[in-house]
Amino acid sequence: MLEFLTKLWRWIKGLFVRRAARPGQDVHRPVAARPALSDVEYENYFMQLLETLEQGLGRGELRGWLITRRVREEELANWLGRQRERWMAQPEQHGELARRLERLGRVASGELGVVAGAIGATVLEQQITDNDSGQIEDRETSSLEELPESRSSGVGEEGKTDDVDSRLDEVIQQHRAGNLSEALKLSKRIIEDYPEDFRGWSLDGFLLSNLGREKEALASYEEAIKYKPDYYIYWYVRGNTLSNLGREEEALASYGEAIKHKPDYHIAWSNRGNALSDLGRYEQAIASHEEAIKHKPDCHEAWSNRGNALSDLGRYEEAIASHEEAIKHKPDYHIAWTNRGVVLSNLERYEEALASHEEAIKHELEGYLAWYGRGKALSDLGLHE
């Protein structure tokens, strides 16, 4: 049971941080179709992506990275699926690659995240099996103290609990192998047979979220909460799902429930602030980000998101200071450098804005919003060429 909870926690970790990177004045233009990529081109893009991921690429930034290269997530996922057997044939040579694939699985959304995570885990499992260890190493640093109790909710007899445990593990194995439809079928069967076991509902929700089926995931999270109403992470991921669906008022309430059950949960405080900003309630958003900072003073996302809310109120000098606090705690946080540049442009301090965008580009060469901000600053300086 402990092993199942450890694996489940890995999935939850990939859903945690919702960043509000709003550099402003972004222009969305249609992207022309491109010819199908060759295997060599896919491999080149894939290796570049893994290197960029090591620099702290977030979920939204990853999507932007792919868009700028006109690489479709589902096509890259299909290419990864075709490489699985090649990597499995020599797992001892691909340990580092597998670890990076698992990391990509935690950051990417939809099919790309599921396939990357499954291949990475499978290669590592094969490598460990070949070394006769027989155990999957836990590569996360997260504490299991935050996970729900192993034997609670409506499965009363020991035999039933053991059956649920083994079937949940089977779902995870199917997920790891990339058999997504089969994993979902199995999770649905667990729910049918043991509808009062919150673990089946939560696993179903995580699978659906990873596949981008947010409305269905929401329904599963709500069933999990019905049977485990005091578990803050379920309220938190429910809030993220509602926000992804554009239901910010409900997301706000869900983050509030997460905080009620864990008052020092800084990520929920910061995402609550993002929801408040989306609703135009900037003063309250600032207060929420400051609560996140109180519980985790080095939370660079909260500092930068606080800067966004201050900027929305026209409090530009304070916004700059907040972005600079984010940078102090994470000097390569290119989102904060970009947002700082936008605020400086609003103050007509174009030389400083230009320098800030160039600093963002130094840390994230493919940060397209920083390139756009740089272009605007150059234009404002009359350097049109």
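Helices α13 and α15 run roughly parallel to each other, because the angle at which they pack is about 20° and angles under 35 degrees count as roughly parallel. The structure discussed here is a predicted model.

In this pair, α13 covers residues 266-278 and α15 covers residues 300-312, and their axes lie 10 Å apart. The crossing in which α13 passes α15 is left-handed. On the α13 side the contact involves S270, N274 and S277, which meet E301, A302, N305 and A309 of α15. Sorted by class, the residues of this contact comprise 2 nonpolar, 4 polar and 1 charged.

Helix α13 also packs against helix α12, which spans residues 248-261, and here the axes come within 9 Å and cross at roughly 160°. Since angles over 145 degrees count as roughly antiparallel, α12 and α13 are therefore described as roughly antiparallel to each other. Their crossing is left-handed. From α12 the contact draws on E248, L252, Y255, A258 and I259, while α13 supplies A268, W269, N271, R272, A275, L276 and D278. By class, the contact of α12 with α13 divides into 8 nonpolar, 1 polar and 3 charged residues.

| Helix pair | Angle | Axes | Crossing |
|---|---|---|---|
| α13 and α15 | about 20° | 10 Å apart | left-handed |
| α12 and α13 | roughly 160° | within 9 Å | left-handed |

Beyond the helices, two loop residues deserve a description. R315 is placed in the loop between α15 and α16, the latter formed by residues 316-329. With a relative accessibility of 28%, R315 counts as partly exposed. Leaving aside residues up to four places away in sequence, R315 touches E283, I286 and L310, and its side chain is joined to that of E318 by a polar contact of 2.9 Å. The C-alpha atom of R315 is separated by 9.4 Å from that of V343, a residue 28 positions away along the chain.

E348 belongs to the loop between α17, residues 334-346, and α18, residues 350-363. Although E348 is not a glycine, it has a positive phi of about 60°.

Definitions and conventions: Residues are numbered from 1 along each chain as its sequence is written. This is a predicted model: local features need pLDDT of at least 70, side-chain atom pairs count only at pLDDT 80 or more; totals for chains, interfaces and linings use all residues. Side-chain values use heavy atoms; hydrogens and water are left out. Axes are lines fitted to C-alpha atoms, for helices over the stretch in contact, and angles run from 0 to 180 degrees between N-to-C directions. Helices (H or I, at least four residues) and strands (E, at least two) are DSSP runs, numbered from the N terminus. Angles under 35 degrees count as roughly parallel, over 145 as roughly antiparallel, 65 to 115 as roughly perpendicular and the rest as oblique. A crossing is left-handed if the near helix is turned anticlockwise from the far one by less than a right angle, and right-handed if clockwise. Contact means heavy atoms within 4.5 Å. Ala, Val, Leu, Ile, Met, Phe, Trp, Tyr, Cys and Pro count as nonpolar, Asp, Glu, Lys and Arg as charged, and the others, Gly among them, as polar. Buried means under 20% relative accessible area, exposed over 50%, partly exposed in between (1.4 Å probe, protein chains only). A polar contact is a pair of N or O atoms within 3.5 Å; within protein, one must be able to donate a hydrogen and the other to accept it, and residues adjacent in sequence count only if both atoms are side-chain atoms.
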